[in-house]
Amino acid sequence: MSLDPILNADPIIQLHMICAAFALLAGPFAMFRKRRDRVHKVAGYIAAVSMLGLALSGFAIKSNIAIVAHFGPIHIFSVMAIWGIAEAMFYIYKGNVAKHQASMF
């Protein structure tokens with residue numbers, strides 16, 4: 001196994017991969033950590049920012065099945081991720097922990 005495909009990829013693909021790695025590391029750590037402690041919050045913010053970076057960088061990647069411009073069905077996941085993160089942050093700032101948790105799953 002070699003890292004050459006990743007190292008030789010376009011910078012936007014590399015950014016997408018880095019964001020995915022951070023989201024994969026921080027996301028479960030935030031989800032399974034004791035709620036309302038500092039580590040949960042820091043891991044949650046890292047996961048949310050990583051997911052936003054992942055979703056936004058995904059818009060710059062051309063789809064093989066382009067429907068409108070270079071966007072395809074896979075880009076729906078980017079829209080869903082942005083919406084879900086925004087919804088989850090809205091609920092936690094309002095103090096509604098149950099809806100925050102539901103938004104994150």
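This is a predicted model: local features need pLDDT of at least 70, side-chain atom pairs count only at pLDDT 80 or more; totals for chains, interfaces and linings use all residues.
Rolling a probe the size of a water molecule over the atoms shows where empty space is left. In this model, the largest pocket has a volume of about 750 Å³. Its lining is made of 27 residues, and A30, H40, G44, H100 and M104 are the closest to the centre. Four helices, α2 (11–32), α3 (38–59), α4 (76–94) and α5 (97–104), each contribute at least two residues to this lining. Sorted by class, the lining of the largest pocket holds 17 nonpolar, 7 polar and 3 charged residues.

The second largest pocket has a volume of about 220 Å³. Around it are 14 lining residues, with H16, G58, I74, H75 and S78 nearest its centre. Helices α3 and α4 each provide at least two residues of the lining, and α3 gives the most, with 4 residues. Here the classes divide into 7 nonpolar, 6 polar and 1 charged.

Turning to charged side chains, a search of the whole structure finds 1 salt bridge. Side chains of opposite charge can pair when their charged atoms come close. The partners here are D37 and R33, whose side chains meet at 3.0 Å, N to O. D37 counts as buried because its relative accessibility is 17%, under the 20% limit. R33, in turn, is partly exposed, with a relative accessible area of 33%.

Finally, L3, I6, L7 and M17 make a nonpolar surface patch of about 370 Å². Of these residues, I6 lies in helix α1 (residues 4–7), and I6 counts as partly exposed at 33% relative accessibility.

Notes:
Residues are numbered from 1 along each chain as its sequence is written. Side-chain values use heavy atoms; hydrogens and water are left out. A salt bridge is a side-chain nitrogen of Lys or Arg within 4 Å of a carboxyl oxygen of Asp or Glu. Buried means under 20% relative accessible area, exposed over 50%, partly exposed in between (1.4 Å probe, protein chains only). Patches are made of residues with over 30% relative accessible area and no salt bridge: like charges are joined within 9 Å, nonpolar side chains (Val, Leu, Ile, Met, Phe, Trp, Tyr) within 5 Å. Accessible areas come from the Shrake-Rupley method with a 1.4 Å probe; for residues, only the protein chains shown count as cover. On a 1 Å grid over the protein atoms alone, a cavity is a set of points where a 1.4 Å probe fits but cannot get out, and a pocket is an open set with protein on both sides within 12 Å along at least five of seven lines; lining residues have an atom within 4 Å of a point. Grid points are joined across faces, edges and corners, and a volume is the space filled by probe spheres set on the points. Ala, Val, Leu, Ile, Met, Phe, Trp, Tyr, Cys and Pro count as nonpolar, Asp, Glu, Lys and Arg as charged, and the others, Gly among them, as polar.
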